Amino acid sequence: MSISPVAYAESLRVGTVDFVSPDQIKVLIDIEAPDGTALNTGTPRPFPRVNGYMLIPSDSGYLVGQVEWITIERSQYPKRRGLQDFGLIDLPYPLRKMSLNPLGCLIFDETDSCGNEHYKFVRGVKGYPSVGVPVLLPTKSQLRDIIESGANRRVLIGTSPLANDAKVMIDPDRLFGRHLAVLGNTGSGKSCSVAGLIR
């Protein structure tokens, strides 16, 4: 039994755009969205996760956003219009929200011989979404297209655990021709990264 492309895209939906600004997009996560591990992308993936990637449909393909923060907002229990439950106590009702930093666009590139779609990641945002637009989990191949983008990728410096271990490669001519900062929390691997770059 095959699933239609529209139904498959709907199965990847995790929320809707609630607020849009040039440097931040806030998302209201659906009540039915996964709360620890997402299984709807074909492989188990942690969701929601800070620094993870989300996709928002746009005119040129998908807007790619990186999760900046996740929170729970307490609100009143959703009331049904025209009905009053006099015996119902209004308890705080949790609504999950997350904030995305817009990174760029994922533009359709080609379809291979197996029927798999491939995309090209371009930095910068041409157009922002409106409120109410669905927010989708990227598939494994879309994550790989985001991380493994660029033409002059020659030196492997590691893998990205947030993108199904996609290879992170750099162009040393561009990297060492300007200033470089290695930032991260304690124990995140800054020293090992610098040692690898020097080697």
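Cys 192 is exposed, with a relative accessible area of 64%, whereas Cys 105 is buried at 4%; buried denotes under 20% relative accessible area, exposed over 50%, and partly exposed the range in between (1.4 Å probe, protein chains only). The structure holds zero disulfides, a disulfide being a pair of cysteine sulfur atoms within 2.5 Å. The model is a predicted one, in which local features need pLDDT of at least 70 and side-chain atom pairs count only at pLDDT 80 or more, while totals for chains, interfaces and linings use all residues. Residues are numbered from 1 along each chain as its sequence is written, and side-chain values use heavy atoms, with hydrogens and water left out.

A search of the whole structure finds two aromatic pairs. Rings of Phe, Tyr and Trp (its six-membered ring) are paired if their centres lie within 6.5 Å; planes under 30 degrees apart count as stacked, over 60 as edge-to-face and the rest as tilted. Tyr 62 and Tyr 119 form an edge-to-face pair, with 5.9 Å from centre to centre and 65° between the planes. This pair links distant parts of the chain, 57 residues apart, with Tyr 62 in strand 6 and Tyr 119 in strand 8 (residues 117-123). Helices (H or I, at least four residues) and strands (E, at least two) are DSSP runs numbered from the N terminus. Tyr 62 is buried at 18% relative accessibility, and Tyr 119 is buried at 11%. Phe 108 and Tyr 119 also pair edge-to-face, at 6.0 Å centre to centre and 80° between the planes. Phe 108 lies in strand 7 (residues 93-111) and Tyr 119 in strand 8, so this pair ties together parts that are eleven residues apart in sequence. Phe 108 is partly exposed, at 43% relative accessibility.

Trp 69 lies in strand 6 (residues 61-75) and is partly exposed, with a relative accessible area of 28%. The C-alpha atoms of Trp 69 and Ser 99 are separated by 5.4 Å, although the two residues are 30 residues apart along the chain. Apart from neighbours within four places in sequence, Trp 69 is in contact with Gln 24, Lys 26, Lys 97, Met 98 and Ser 99, contact meaning heavy atoms within 4.5 Å.

Asp 30 is located in the loop between strand 2 (24-29) and strand 3 (37-38). Asp 30 is buried, with a relative accessible area of 18%. Not counting residues up to four places away in sequence, Asp 30 touches Arg 13, Val 14, Gly 15, Thr 16 and Arg 96.
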